[in-house]
Amino acid sequence: FKRNGDRRHCHDGVAWIGQEPVAVVQDRDHVILARSQGETEAVGTRVANPSPGRDGWLRTRLREGTEVYVAFTTAPLSGWRILLAQPVATVDAPLRRWAWQLAAGAAVAAALAGGTAFLFGRRIAGAVAGLVRIARAVERGDHAPPSLRTRITEVNEVADQLSAAAELARAREQDTALRERQAHAIAEVAH
């Protein structure tokens, strides 16, 4: 056991000095036989409120306010009890660090997902705008704009179908106009 000078009173005779774990050995009457910190003042004192049971752990607060986890076990033959205490902050620090890292990772992943969705959304919106131009050309009976090529296969297929439909509609209109002119010419000759 390591010796250290300052003694703090707390549950089961465990006191806290610094961030190192504290070990305490008690006899069957809960008299402190040895301590890893504050040994000279603590050895020989009786623990006022020992933890019930042979084994276990508890979370408690020291008189100076430090929260600690205390684990204890009692030897079946001798009845001696060994206690180990560690500050809650030290025990929980890796979990808190992991939680913050997880939250930061989730935030980064969400930002990346949002950015990727934005970029793909703009790409799709641009492709759909090209489809709208082709559809308007079909509506007006104009030549379809040059075939739209994107990285989206489905948009390319729709653009090809719209372009083909525009050309077919234009050819039908021209054919109808030619037939009307021919019918008009035949009607004038027949008069």
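The following dialogue discusses how to read several features of a predicted model.

Biologist: How is a pair of aromatic rings described?

Modeller: Such a pair is characterised by the distance between the ring centres and the angle between the ring planes. In this predicted model, a search of the whole structure returns 1 aromatic pair. Its members are Trp57 and Tyr69, whose ring centres are 5.8 Å apart with the planes at 65°, so the pair is edge-to-face. An angle over 60 degrees is what that class requires.

Biologist: Which parts does the pair tie together?

Modeller: Trp57 belongs to strand 3 (residues 55-61) and Tyr69 to strand 4 (residues 67-74), so the pair links parts that are 12 residues apart in sequence.

Biologist: Is Trp57 buried or exposed, and is Tyr69 buried or exposed?

Modeller: Trp57 has 61% relative accessibility and therefore counts as exposed. Tyr69, with a relative accessible area of 18%, is buried, because the cut-off for burial is under 20%.

Biologist: Which residues form the largest nonpolar core?

Modeller: That core has 11 residues, including Val22, Ile32, Leu58, Phe72 and Leu83. Strand 1 (22-26), strand 4 and strand 5 (81-87) are the elements that each give two or more residues to this core. Strand 4 gives the most, with 3 residues. Another core, of 7 residues, lies apart from it; Ile134, Leu148, Ile152 and Val155 are among its members.

Biologist: How should the length of helix 3 be checked?

Modeller: One compares the expected span with the distance between the end C-alpha atoms. Helix 3 (residues 153-190) has 38 residues and, at 1.5 Å a residue, should span 56 Å; its end C-alpha atoms are 55 Å apart, which agrees.

Biologist: Which residues of helix 3 are buried, and what do they pack against?

Modeller: The general idea comes from the helical repeat: with 3.6 residues a turn, residues three or four places apart in an α-helix point the same way. In helix 3, the buried residues include Val155, Asn156, Ala159, Ser163 and Ala166. The buried residues of this helix pack against helix 2 (88-140).

Biologist: Which side chain is joined to that of His30 by a polar contact?

Modeller: The side chain of Gln26 is joined to that of His30 by a polar contact of 3.3 Å. Gln26 is in strand 1 and counts as buried, at 0% relative accessibility.

Notes
Residues numbered from 1 in each chain as written. Predicted model: local features only at pLDDT ≥ 70, side-chain atom pairs only at ≥ 80, totals over all residues. Heavy atoms only, no water. Helix = DSSP H or I, 4+ residues; strand = E, 2+ residues; numbered from the N terminus. Expected span 1.5 Å × (residues − 1). Buried < 20%, exposed > 50% of the residue type's maximum accessible area, 1.4 Å probe, protein only. Contact = heavy atoms within 4.5 Å. Phe/Tyr/Trp six-rings, centres within 6.5 Å; stacked < 30°, edge-to-face > 60°. Core = buried A, V, L, I, M, F, W, Y, C linked by side-chain atoms within 4.5 Å. Polar contact = N/O pair within 3.5 Å; in protein donor to acceptor, adjacent residues only side chain to side chain.
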